Amino acid sequence: MTNALAAWFGIDAFERPALFGAMLLATLVASFVAVRREAPALPWSAWPEAIAAGGRRRDVGRIATAGVRALALVLLAVALAGPVRQHSAPPPPGEGLDLVLVLDTSESMQALDAEVAGTWRTRLELARAVVARFASQRIAEGDRVGLVVFGETAFTQCPLSSDGRLLGAALDRVTPGMAGSATAIGDALALAVKRAQPQPDGAATTAPVAGRLVVLLTDGRSNAGAIPADVAAALARARGVRVHTVGIGGAREVAMERPEAAGGRGLHFERHDLDRETLAAIATTTGGRFFAAQTSADLDAVYTAIDAQERVPRRSPPRQHHTTHPEPFLAGAALLIAIEAATARGVARRIP
């Protein structure tokens, strides 16, 4: 019952639920007595309808004043009972994975091959949303997550971090073609392996981790870059970094967005063949798995499968934190008391 009342006030629990119950009961009793008690003075004579009726009428102003006072007392009861919000803190550093997400931003990722709520979405739009959800969940469970984007070149969009907001902001800035129009899978993988390694210049980054993982998503064939994909895969294996590869699409034509001269947008069809053999070889070399998604809409299931597979035991139980937030209720009670005072001296003012 107490938890239900706490949820009604937008909090998780009370530190002193018995105190809240006692004060709530006292408030109800006091409000009932105040409304039933005879008024010690006549109503203000500016109410002509009360005089014309020739009898006693319900004192609306007095009832409203009592209601405002009762609500203020309820908010004071909530504040004194210790309103608490609870949340689970991530496990201590060193108990999760160092996870680098690699995202293809080449022009082929503008393919429109998935319909969501009646609207066609590009591969990159859906991939960005799915990767964001996946990263947020892994960070909440104690992993450090980084982001590498690639096209013709590869660069680090976000280093390994336990800050979900930082990674989310980095994903929001990912746009088609930001790293060029080609596909340099080898360069991207080599950079991701480098980012997954601990850096020697800081104690926070050299803490041991349960494992290092790269998840590489692409929809094309490696046709750029200085490092071949098989060399990058061998580097990952030598460094103890496992790589899961995710491929979108297949050997077929897909609709692509293109700007129109008149300022609108049009469609044309292109074929971007997925290099399944190379992606499967990368995964096999590094001890990972190759996942195929026929369309962008299949990505949710792919990343759910990766999430289920990449589980590590936690030495420490989840840390439960709670914070008290009486301030909003105290402010609300103060506002209602001010309203009640103004009403008592104005609309409901009486002749002594």
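1. On the face of α8 turned away from its buried side sit the exposed residues Asp230 and Ala238. The model is a predicted one, and the points below should be read with that in mind.

2. The buried residues of α8, which spans residues 229-238, are Ala229, Ala232, Ala233 and Ala236. Viewed down the axis of α8, these buried residues fall within an arc of 100 degrees, so they line one face of the helix. Among the elements covering the buried residues of α8 are α7 (185-196), β9 and α9 (276-286). After α8 comes Gly240, with a positive phi near 75 degrees.

3. α10 can be described in similar terms. Its buried residues include Leu299, Val302, Tyr303, Ile306 and Asp307. They span an arc of only 135 degrees around the axis, which places them on the same side of α10. The face turned away from that buried side carries Ala301, Thr304 and Ala308, which are exposed. Cover for the buried residues of α10 comes from elements including α5, β8, β9 and β12.

4. Strand β9 (residues 242-248) and β12 run parallel and are joined by four bridges. In this pairing, Thr245 stands opposite Phe290 of β12.

5. Ala292, a residue of β12, deserves a separate entry. Leaving out residues up to four places away in sequence, Ala292 touches Gly247, Arg276 and Val302. Arg276 is 16 residues from Ala292 along the chain, and their C-alpha atoms are 8.2 Å apart.

6. The largest nonpolar core has 31 residues, of which Leu101, Leu103, Leu147, Leu217, Val246, Leu299 and Tyr303 touch the most other members. At least two residues of this core come from each of β3 (97-104), α5 (123-140), β6 (144-150), α6 (164-172), β8 (211-218), β9, β12 and α10 (299-309). The biggest contribution is that of α5, with seven residues. Apart from this core lies another, of 24 residues, including Phe150, Leu191, Val193 and Ala229.

7. Which residues does Leu103 touch, not counting those up to four places away in sequence? They are Leu124, Ala127, Leu147, Val148, Val149, Phe150, Leu171, Val174 and Leu217.

8. For the protein chain as a whole, there are eleven helices and 13 strands. Of its 352 residues, 40% count as buried. Among contacts between residues at least 6 apart in sequence, 78% join residues at least 24 apart. The accessible surface comes to about 18,600 Å², and carbon and sulfur atoms account for 58% of that.

9. On confidence, the protein chain averages a pLDDT of 79, and 73% of the residues score at least 70. Over residues 201-208 pLDDT stays under 50, and for that segment the model has eight contacts beyond four places in sequence.

How values were computed: Residues are numbered from 1 along each chain as its sequence is written. This is a predicted model: local features need pLDDT of at least 70, side-chain atom pairs count only at pLDDT 80 or more; totals for chains, interfaces and linings use all residues. Side-chain values use heavy atoms; hydrogens and water are left out. Two strands pair if DSSP finds at least two bridges between them. A nonpolar core is a set of buried Ala, Val, Leu, Ile, Met, Phe, Trp, Tyr and Cys residues joined through side-chain atoms within 4.5 Å. Buried means under 20% relative accessible area, exposed over 50%, partly exposed in between (1.4 Å probe, protein chains only). Contact means heavy atoms within 4.5 Å. The arc is that of the directions from the helix axis to the C-beta atoms. pLDDT is the predictor's confidence in each residue, from 0 to 100. Accessible areas come from the Shrake-Rupley method with a 1.4 Å probe; for residues, only the protein chains shown count as cover.
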